[in-house]
Amino acid sequence: MKSPPKTFHVKSFGCQMNVYDGDRMAEIMAEQGLTATDDANAADLVVLNTCHIREKATEKVYSDIGRIRKEARSKHGTDPVIAVAGCVAQAEGAEIVRRAKVDVVVGPQAYHNLPDLVARAARGESALDTDMPVDLKFGHLPPRRRVSPSAFLTVQEGCDKFCTYCVVPYTRGAEVSRGWVQVVDEAKALVDAGAKEITLLGQNVNAWEDDGRGLHDLIAALADIAGLHRIRYTTSHPNDMAQGLIEAHRDIAKLMPFLHLPVQSGSDRILKAMNRSHTRDSYLRLLDRVRAVRPDIALSGDFIVGFPGETEADFADTLSLVDAVGHAQAFSFKYSPRPGTPAAGMADQVASEVMDERLQRLQAALNRDQAAFNAASVGRRCTILLERMGKLPGQFIGKSPWLQSVHVVGKAAIGDLVDVTIVAAGPNSVTGVMIEQGEGADEAFQRAKLDVAA
Ligand code: 5AD
Ligand code: SF4
């Protein structure tokens with residue numbers, strides 16, 4: 001038996017949806033009267049919101065649990081309530097309870113029950129909930145009250161695509177869309193709570209639908225919310241990229257010119273073995289259609305190297321696809337066999353050293369393209385949303401419409417939208433100068449250029 005917790009700490013790993021879920025769990029516990037603390041070792045309740053997408057995730061959870069317990073005991077003489085949430089909880093809940101004796105296990109579709117589970121654990125009862133109810137958790141969550149200028153909003157969860165390497169269809173369940181009214185209401189609440197930008201989230205966000213309406217209809221409705229300045233969405237699947245959504249990039253000013261569209265491989269043979277149900281060519285033609293309506297769109301993607309059976313020729317196809325696209329940014333991963341997925345049992349698993357070497361070459365190409373994209377934006381004028389303070393005095397870090405991090409110095413506040421000229425570019429960020437009216441503007445521009453040169 002443990003006494004009911006008074007303080008809590010939520011630690012999220014993995015994707016943006018986990019960040020959203022982590023925030024919602026924090027809101028639930030705060031509504032119960034618990035106080036949030038930044039120090040995981042000092043909290044009475046620690047929620048580990050886990051990710052299962054790639055290797056070692058499970059081992060990391062066990063070592064985290066061990067470390068938190070040890071430090072809490074030695075530094076504070078306490079034994080915190082430990083709750084494991086997220087996709088590892090969903091996939092391996094019973095095993096985690098058995099092996100690590102954690103107090104609570106809660107899956108991604110059940111975390112609205114967290115207070116009840118914590119209370120049960122405090123009474124010494126078993127507290128494991130990995131149900132996937134048809135009625136989604138969202139209706140049971142507290143209202144949004146205080147959020148950052150750029151906020152996440154989950155509109156769709158789960159996946160029916162069953163790519164052969166991926167655990168998501170098993171951990172997050174089937175594709176489900178939240179209803180129109182619920183999403184619009186939450187977006188309004190986010191704006192009232194301080195959001196200027198909303199990123200709509202879903203494992204297949206562009207598969208969102210409600211009563212015949214698609215994601216582009218939803219985006220158009222959200223664009224009517226006064227006080228909401230920018231809209232983004234992620235992650236999309238190439239096969240769900242409706243013409244209406246493509247055209248939204250031309251027609252809706254608040255929809256930012258950025259598209260994260262994972263392709264995974266440039267080889268048709270590998271795409272087939274991955275069960276991606278698109279080809280290299282159909283992917284490239286799709287990008288042509290997007291660029292035709294929005295020429296400045298920044299493209300992002302996900303890549304896997306070393307999928308079972310991937311030859312040097314297949315990998316060369318991936319490199320040539322990268323050359324053809326010219327990404328503004330991208331994520332790339334070594335293939336990791338996930339228990340229970342078809343690919344894990346395939347012949348011809350690629351040696352780890354080969355994957356390392358391919359990953360290095362791929363990342364060199366992607367870094368080159370990212371640097372080129374940043375360099376090409378020098379001289380552009382744009383509006384940026386200031387999200388946090390930088391390291392230098394008076395420095396802010398904001399985001400450009402193309403999702404670049406922009407460093408800028410000036411009189412402003414977090415949450416402001418300011419007009420800048422981009423004056424310099426690095427591999428991972430760019431530098432902007434606020435466009436000041438009248439005298440002094442030119443001087444500020446020159447000063448910033450000198451700062452960058454130094
Ligand atoms: N191994 C490596 N990368 C993976 N991803 C998903 N499953 C795996 C896996 N088993 C990557 C894909 C996906 C991103 C979220 O994670 O690129 O788009
Ligand atoms: Fe996983 Fe494929 Fe679904 Fe993406 S589309 S979540 S990679 S199964």
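Met355, written M355, is placed in helix α12 (residues 352-376); helices (H or I, at least four residues) and strands (E, at least two) are DSSP runs numbered from the N terminus. The structure is a predicted model, in which local features need pLDDT of at least 70 and side-chain atom pairs count only at pLDDT 80 or more, while totals for chains, interfaces and linings use all residues. Residues are numbered from 1 along each chain as its sequence is written, chains are lettered from A and ligands numbered from 1 in the order in which they are written, and side-chain values use heavy atoms, with hydrogens and water left out.

Buried stands for under 20% relative accessible area, exposed for over 50%, and partly exposed for values in between (1.4 Å probe, protein chains only). Not counting residues up to four places away in sequence, M355 touches V305, G306, K334, Y335 and V350; a contact requires heavy atoms within 4.5 Å. Between the C-alpha atoms of M355 and Q109 the separation is 34 Å, and these residues are 246 residues apart along the chain.

Q109 is also one of the residues touched by K137, together with D21, P108, Y111, H112 and E157, again not counting residues up to four places away in sequence. K137 is found in the loop between β6 (128-129) and β7 (150-154). Its relative accessibility is 0%, so K137 counts as buried.

**Domains and nonpolar cores**

The protein chain is divided into domain 1 (7-129), domain 2 (138-376) and domain 3 (378-453), with bounds that come from an automatic or database domain assignment. Taken over C-alpha atoms, the centres of domain 1 and domain 3 are separated by 39 Å.

A nonpolar core is a set of buried Ala, Val, Leu, Ile, Met, Phe, Trp, Tyr and Cys residues joined through side-chain atoms within 4.5 Å. The largest such core has 78 residues, and L200, L218 and Y233 have the most contacts inside it. Domain 1 (7-129) and domain 2 (138-376) each supply at least three residues to this core. Another core, of 17 residues, lies apart from it and includes V46, V61, V102 and V105. L218 touches V155, W180, V183, V184, L200 and W208, not counting residues up to four places away in sequence.

**Aromatic pairs**

The structure holds four aromatic pairs. Rings of Phe, Tyr and Trp (its six-membered ring) pair if their centres lie within 6.5 Å; planes under 30 degrees apart count as stacked, over 60 as edge-to-face and the rest as tilted. Two of the pairs are set out below.

| Pair | Centre to centre | Angle between planes | Kind |
|---|---|---|---|
| Y165 and F307 | 6.3 Å | 85 degrees | edge-to-face |
| W180 and W208 | 6.2 Å | 45 degrees | tilted |

Y165 lies in the loop between β8 (156-157) and α5 (168-171), and F307 in the loop between β15 (298-305) and α11 (312-325), so that the pair links parts of the chain 142 residues apart. Both Y165 and F307 are buried. Y165, F307 and Y335 form one aromatic cluster.

W180 lies in helix α6 (residues 180-192) and W208 in the loop between β10 (197-201) and β11 (209-210), so their pair ties together parts that are 28 residues apart in sequence. W180 counts as buried at 17% relative accessibility, and W208 does so at 1%.
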